[in-house]
Amino acid sequence: MNVKKGFSLLFVCYFLCIQVSFGCTGIIIRTENGSVIPARTLEFGFDPQSNILVIPKGTSINFLSSVNNKDGYKMKAKYGFAGMNAVGKHIVVDGINEAGLYLGSFYFSGYAVYEELTTSNQSKAVSSEEMGNFVLGSFATVEEVKAGLKDITVVGTFMKQIQGVAPFHYTVTDKSGQSIIIEYSKNGLQIFDNTVQVITNNPSYDWHLTNLRNYINLTPDNVGGIKLNGETYAPLSEGTGMVGLPGDFTSASRFVRASAFVNAAEPCKDEEEGVFRAFHILNNFDIPIGIVKQKEKNTSMSEYTVWTSAADTKNGAYYYKTFKNPTVKKLDLQVALKEAKGKIMVITAETPRTYETVTSKS
């Protein structure tokens, strides 16, 4: 596959810049009663103005029309779905459908390569930022997604909000627990089983798995003391099993840290506890404004955690909290689809934060 031609030098410089920005962290929590909870953070260098988008079953979806006013692949949604959108578009970048299928889009900058849009592939073309609508509107299981990807051509189309193509790779999880990573790169389409229940950003998923081998010593169990020349040296504090765990915000370090946290976490009995656990783990990946910056000439872009979400694939619920309001909110998908009455509905995600005053009667 070839990268879409015609980018100006300005756009090339821009993508070199954001290759080290816009980091997100995704995890999967599995509960003892069989529930599967995919969850993630979304980080950006500006406010993408995300809201909850609800798209009912039967909605006609014309791909490419919302991104460059062309007709691409066309379909009617087989399943209703909902989740976060971005920049005011009717496109879900993170969400769940009524069959319990979840999709999350994650930045894959510098590595994502899509087909060039042509007259011969236009009728099968889906833009990279539209994959959420295609997958969630069409399929119930991961196996169906794998087969369905053969029916489309994923292309890159220009988005004025980022001045270029949306460079995504994707995680898809169904309610049975099967989970995959979908990547389009210079190697073509690659699908990886999500064996460690984690996704971050570039490089490719298999590179991250190789990098994990540098941290096979990590354990939640404290390390005992040692004796040297007759002198006993005891640990100075708790947490000695995780010495060497990377704590920075690079994609590689977040992948290692998330893998350690998810796979060392105590078991959760049910989905309620699983959602609670997911948000607690992802608190460790929250990026405050000012900690991660990208400087370019006279400007400075500060990346921060815009929102965090979790999906209950068993019961069809979508949970989220936002930058301005850390109170976790719950969207019942079936209730939302009923309220939509067959039409696309937008629900404001960002709400003013409030502080509860504590009294002796609280």
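This is a predicted model: local features need pLDDT of at least 70, side-chain atom pairs count only at pLDDT 80 or more; totals for chains, interfaces and linings use all residues.
Residues are numbered from 1 along each chain as its sequence is written, and side-chain values use heavy atoms, with hydrogens and water left out.

Leu-228 lies in strand 15 (residues 226–228); strands (E, at least two residues) and helices (H or I, at least four) are DSSP runs numbered from the N terminus.

Next, select Asn-194, which sits in the loop between strand 13 (188–193) and strand 14 (198–199). Asn-194 counts as buried because its relative accessibility is 5%, and its side chain reaches the backbone nitrogen of Gln-197 at 3.1 Å. Leaving aside neighbours within four places in sequence, Asn-194 is in contact (heavy atoms within 4.5 Å) with Ile-28, Thr-171, Ser-179, Ile-180, Ile-181 and Tyr-205.

Now turn to the salt bridges, of which the structure holds 3, each being a side-chain nitrogen of Lys or Arg within 4 Å of a carboxyl oxygen of Asp or Glu. Show Arg-40 and Asp-94, whose side chains meet in one of them at 2.9 Å, N to O. Arg-40 lies in strand 2 and Asp-94 in strand 7 (residues 94–97), so the pair ties together parts that are 54 residues apart in sequence; both Arg-40 and Asp-94 are buried.

Move to helix 4 (residues 142–148), where Lys-146 and Glu-143 lie 3 residues apart, about one turn of the helix, and where their side chains form a salt bridge at 3.5 Å, N to O. Lys-146 is partly exposed, with a relative accessible area of 25%, and Glu-143 is also partly exposed, at 44%.

Finish at helix 7 (residues 271–282), at whose start a side-chain oxygen of Asp-270 reaches to within 3.3 Å of the backbone nitrogen of Glu-272. Arg-277 and Glu-273 meet here in a salt bridge at 3.9 Å, N to O, and are separated by about one helical turn because they are 4 residues apart in helix 7. The buried residues of helix 7, including Gly-274, Val-275 and Phe-279, pack against strand 1 (26–30), strand 2 (36–44), helix 6 (251–264), strand 18 (299–312) and strand 19 (317–322).

Notes: Buried means under 20% relative accessible area, exposed over 50%, partly exposed in between (1.4 Å probe, protein chains only). A polar contact is a pair of N or O atoms within 3.5 Å; within protein, one must be able to donate a hydrogen and the other to accept it, and residues adjacent in sequence count only if both atoms are side-chain atoms.
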